[in-house]
Amino acid sequence: MSIQITPLDHWISKKIGQSGRLNRAILEEYQLAKLQETLTLARRKSPFYQKLLANSPVEIKKISDLEKFPFTTARDIRDQGLQLLCVSQDEIERVVTLDTSGTTGVPKRLYFTREDQELTVDFFNIGMSTFTKPGDTALILLPGDRPGSVGDLLAIGLKRLGANPIKHGIVRDFQETLEIIRSEKVDVLVGIPTQVLGLARYGREFHLKSVLLSTDHAAPALRTAIENAWDCKVYDHYGMTEMGLGGGVECQDRYGMHLREADLIFEVINPDTGELVEDGEMGEVVFTTLTRKGMPLIRYRTGDLSRFIQGRCTCGSDIKRLDRINCRLDNILRINDHITLTLAELDNLLFSIEGVINYDAELVRENRSFNLNLRVSAVDANDHLGKIIEQQLKLSPVIKDALDNGKLFLQVNITQGCILPSSPVKRTFVKKFPDE
């Protein structure tokens, strides 16, 4: 079967005033003009950016001039959120509060105008058309009760597509959600990776057409488990609230997420030096908004690790592609110069075990030794699962060496069923180093 070009190609082409297939040179001219508008707006209207950009160029000649500008960080949003606004608070339609898992203090608050939210709906409408057709029933397992929430905006986008969206919210009971899938004859499902995995582990009798995973990193083993259980195609979406919820989505080729380049400029930097890396090299993802008016962000550091995929996609589009998110910087823990543990590696090892639904990982340092404590949720908490988990972890040479040589000690607690989150926060690797 031939691979259709991503619908983002025609969509972006139309947004930038071009007819026919997207032309990269015209897109970059558009981006440069919008970038200059955003920088000018931020300087004029945002007290925060007036100070931050005081020593930066007033005019830019090319997109690469972005390198001359400082970064915006999560701490900036937490500490000075209202100072980033470029409109009056009366024009703000939606405020999103993010309580980042594993941190304390003031939460991040993101502000959006009605027009900002319409940009997101438009992207959802086009992006979902990659694998959703008019008449399809789409189950949305994301928060959707409040107007302007991610599930609500996604439902609006799907209705414009002619699909039948069901705003379910995050999963509270697997069997209840599986009954909805059965009774409503669901074709397409959108949800949090570990929650969708749990549904697939419990409801293998279903055959969906497609699944979109969002809000968190999805390990290859997790994707494969869902595809095998439901005989469906699993797609990745990249987005975060700071981004305006949508950033990129895979095409039918499913090798890299085509980016929302008419609304965002993406960079990949060395997380230690802040310098740009070569295309194809792994680094931290950074983005700049081009069309957002309420709270534009300039060179925002996401903390996500990925890389640009070089060359034209096999679907035929020249839109830039970002590889699936490899990991988050705060989910990489270094024990010593030779041993590094990442949540991404643990995901791939543990989610390949039949019956594992989810887990929490905690690394504790006691004197010179380290304890890796795993709390694992499984369909069946049988007596052999703990031994299987230990054997699976030893497939990693680094982990095996650390366990065998007494540098790392493993403790596994298994719970039957799944510990469901109260909100769709990103999973984190908890670190307890008392002397730090």
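User: Which hand does the crossing of α8 and α9 have?
Analyst: This is a predicted model. In it, helix α8 (residues 193-202) and helix α9 (residues 220-230) have axes that come within 9 Å. The axes cross at roughly 35 degrees. The hand of the α8 and α9 crossing is left-handed.

User: By class, how many nonpolar residues does the contact of α8 with α9 have?
Analyst: On the α8 side the contact is made by Pro193, Thr194, Val196, Leu197, Leu199, Ala200 and Arg201. On the α9 side are Leu222, Ala225, Ile226, Ala229 and Trp230. By class there are one polar and one charged residues, and the number of nonpolar residues is 10.

User: Is α7 roughly parallel or roughly perpendicular to α8?
Analyst: Helix α7 (residues 174-183) packs with α8 at an angle of about 75 degrees, the axes being 10 Å apart. Angles of 65 to 115 degrees count as roughly perpendicular. Therefore α7, relative to α8, is roughly perpendicular.

User: Which residues in α8 do Phe174, Gln175, Thr177 and Leu178 of α7 meet?
Analyst: By class, the contact of α7 with α8 has four nonpolar, four polar and no charged residues. The α7 residues Phe174, Gln175, Thr177 and Leu178 meet, in α8, Gln195, Gly198, Leu199 and Tyr202.

User: What is the orientation of α5 to α6?
Analyst: The axes of helix α5 (residues 114-128) and helix α6 (residues 150-161) come within 8 Å and cross at roughly 55 degrees. Because roughly parallel needs an angle under 35 degrees and roughly perpendicular needs 65 to 115, the orientation of α5 to α6 is oblique.

User: How many charged residues does the contact of α5 with α6 have?
Analyst: The crossing of α5 and α6 is right-handed. From α5 the contact draws on Gln117, Glu118, Thr120, Val121, Phe124, Asn125 and Met128, and from α6 on Val150, Leu153, Leu154, Ile156, Gly157, Leu158, Arg160 and Leu161. By class this contact has nine nonpolar and four polar residues, and the number of charged residues is two.

User: Is serine 317 buried or exposed?
Analyst: Serine 317 sits in the loop between β13 (308-309) and β14 (321-322). Beyond its neighbours within four places in sequence, serine 317 is in contact with Ile5, Thr6, Asp9, Arg21, His258 and Arg312. Its relative accessible area is 1%, so serine 317 is buried.

User: And alanine 54, is that residue buried or exposed?
Analyst: Alanine 54 is placed in the loop between α3 (47-52) and α4 (74-80). Its C-alpha atom is separated by 9.9 Å from that of phenylalanine 69, 15 residues apart along the chain. The relative accessibility of alanine 54 is 53%, so this residue counts as exposed.

User: What radius of gyration does the protein have?
Analyst: The C-alpha trace spans about 65 × 55 × 45 Å along its principal axes. For 436 residues, a compact globule would have a radius of gyration near 22 Å. The protein agrees with this, having a radius of gyration of 22 Å.

User: What percentage of the contacts with a separation of 6 or more comes from residues 24 or more positions apart?
Analyst: The protein has 12 helices and 21 strands. Buried residues make up 55% of its 436 residues. Of the contacts with a separation of 6 or more, the share from residues 24 or more positions apart is 63%.

Note on methods. Residues are numbered from 1 along each chain as its sequence is written. This is a predicted model: local features need pLDDT of at least 70, side-chain atom pairs count only at pLDDT 80 or more; totals for chains, interfaces and linings use all residues. Side-chain values use heavy atoms; hydrogens and water are left out. Axes are lines fitted to C-alpha atoms, for helices over the stretch in contact, and angles run from 0 to 180 degrees between N-to-C directions. Helices (H or I, at least four residues) and strands (E, at least two) are DSSP runs, numbered from the N terminus. Angles under 35 degrees count as roughly parallel, over 145 as roughly antiparallel, 65 to 115 as roughly perpendicular and the rest as oblique. A crossing is left-handed if the near helix is turned anticlockwise from the far one by less than a right angle, and right-handed if clockwise. Contact means heavy atoms within 4.5 Å. Ala, Val, Leu, Ile, Met, Phe, Trp, Tyr, Cys and Pro count as nonpolar, Asp, Glu, Lys and Arg as charged, and the others, Gly among them, as polar. The radius of gyration is taken over C-alpha atoms; the globule rule is 2.2 Å times the number of residues to the power 0.38. Buried means under 20% relative accessible area, exposed over 50%, partly exposed in between (1.4 Å probe, protein chains only).
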